[in-house]
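Let's take a walk through this structure together.

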Amino acid sequence: MSTHTDGYRAPSEVTMAELFPNHDGLRPLAVGDLIGRQIDVSFEEGSQVSLTFTADSVTIDVSKYGSWLFLAGTLPCEVIPVRADCLAATIHDGRNHASYLVFFDFAESRTFITRTQMLAGPSGVGESTRFFQGGINGASYTPFEKSSDLVGKRVYWRYSESHQFEHIYIEPNRYCWHGITGPEAGMGGVEPCSTYKVADDLYLFSWSDASVAFNGSILVDTKGEGISSCGRLFGWERAEQQGWQLVIGAEGMLLNETTYPGH
């Protein structure tokens, strides 16, 4: 006797130690554009954090009431290119199991920060992701808005030869994924997500996994004929009891686009 579940492996069984190797085959090269620069980020309620960059680290000063977002100190950091006048900093804080993707829009003097933290609960470790916006170096700024522009798109994503996926953006706060090659081949799911438009044809897309403590936050660039992304993954590795962060990039192909009734 056989059933449709024969040989089935749930996505929750895939550890970060399986998922991460070679997932970064197309990661962008780090750039030194922020070396030696101090960037002050101011928030609406009056708090401020200062970020001072070296080639591979960032020193965070929270003396102006910014400790609710960052802990003070020097942390590993990688700055990756996004577009002209746009950079992203990936920051990992092992002290409180937190990971950040900080998007800088220097043309508009504003920043968008994705903060993911792994938190212990009664049933194990869970993931919490929140979004923050601020002005750069005291400038007033136009807030980033949520977007439904990706809804209806079906995209093939290639992170490396061994990691390929299909994404279908079905709602502003839900997307469907399917593993084509790699540790999650043959798996899939519908997961919660958020999309913000951060520039023309450029989107901050962040998703969480409903079955494991995990968040992915990437910049999706749909300008021109191609589609590409860069950002970071952050997940809880149970064997080591710590969060793992990985900088990634991907090449995409728009397979088709559906217009849903009522949208």
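This model holds two cavities of 30 Å³ or more. A cavity here is a set of points, on a 1 Å grid over the protein atoms alone, where a 1.4 Å probe fits but cannot get out, and its lining residues have an atom within 4 Å of a point. Grid points are joined across faces, edges and corners, and a volume is the space filled by probe spheres set on the points. Rolling a probe the size of a water molecule over the atoms shows where empty space is left.

Before going on, keep in mind that this is a predicted model, in which local features need pLDDT of at least 70 and side-chain atom pairs count only at pLDDT 80 or more, while totals for chains, interfaces and linings use all residues. Residues are numbered from 1 along each chain as its sequence is written, and side-chain values use heavy atoms, with hydrogens and water left out.

The largest cavity has a volume of about 220 Å³.

In soluble globular proteins, nonpolar side chains tend to be buried together.

Zoom in on Phe20: beyond residues up to four places away in sequence, Phe20 touches Phe214, Leu233, Gly235, Trp244, Gln245 and Leu246. Contact means heavy atoms within 4.5 Å.

Now for strand E7 (residues 110-121), where you'll find Arg110. Is Arg110 buried or exposed? Arg110 counts as buried because its relative accessibility is 10%. The backbone oxygen of Thr142 lies 2.7 Å from a polar atom of the Arg110 side chain. Ser42 is 68 residues away along the chain, yet the C-alpha atoms of Arg110 and Ser42 are separated by 9.2 Å. Thr114 is also found in E7, and Thr114 is buried too, with a relative accessible area of 0%. Leaving aside neighbours within four places in sequence, the contacts of Thr114 include Tyr100, Phe131, Leu204 and Arg232.

Over in strand E4 (residues 73-83) sits Leu75, which counts as buried at 5% relative accessibility. Leu75 and Asp56 are 19 residues apart in sequence and 8.6 Å apart in space, C-alpha to C-alpha.

Two loops deserve a stop. Most residues other than glycine have a negative phi. Asn22, though, has a positive phi near 65°, and its place is the loop between helix H1 (16-19) and strand E1 (38-42). Asp201 has a positive phi near 60° and lies in the loop between strand E13 (188-199) and strand E14 (202-208). At 40% relative accessibility, Asn22 counts as partly exposed, and so does Asp201 at 33%.

Finally, UniProt, in an unreviewed entry, places the feature "domain: MoaF C-terminal" at residues 145-258. UniProt positions are given in the numbering used here, feature names are shortened, and annotations may be inferred rather than shown by experiment. That span is 0% helix and 71% strand, and its end C-alpha atoms lie 23 Å apart.

Definitions and conventions
Helices (H or I, at least four residues) and strands (E, at least two) are DSSP runs, numbered from the N terminus. Buried means under 20% relative accessible area, exposed over 50%, partly exposed in between (1.4 Å probe, protein chains only). A polar contact is a pair of N or O atoms within 3.5 Å; within protein, one must be able to donate a hydrogen and the other to accept it, and residues adjacent in sequence count only if both atoms are side-chain atoms. On a 1 Å grid over the protein atoms alone, a cavity is a set of points where a 1.4 Å probe fits but cannot get out, and a pocket is an open set with protein on both sides within 12 Å along at least five of seven lines; lining residues have an atom within 4 Å of a point.
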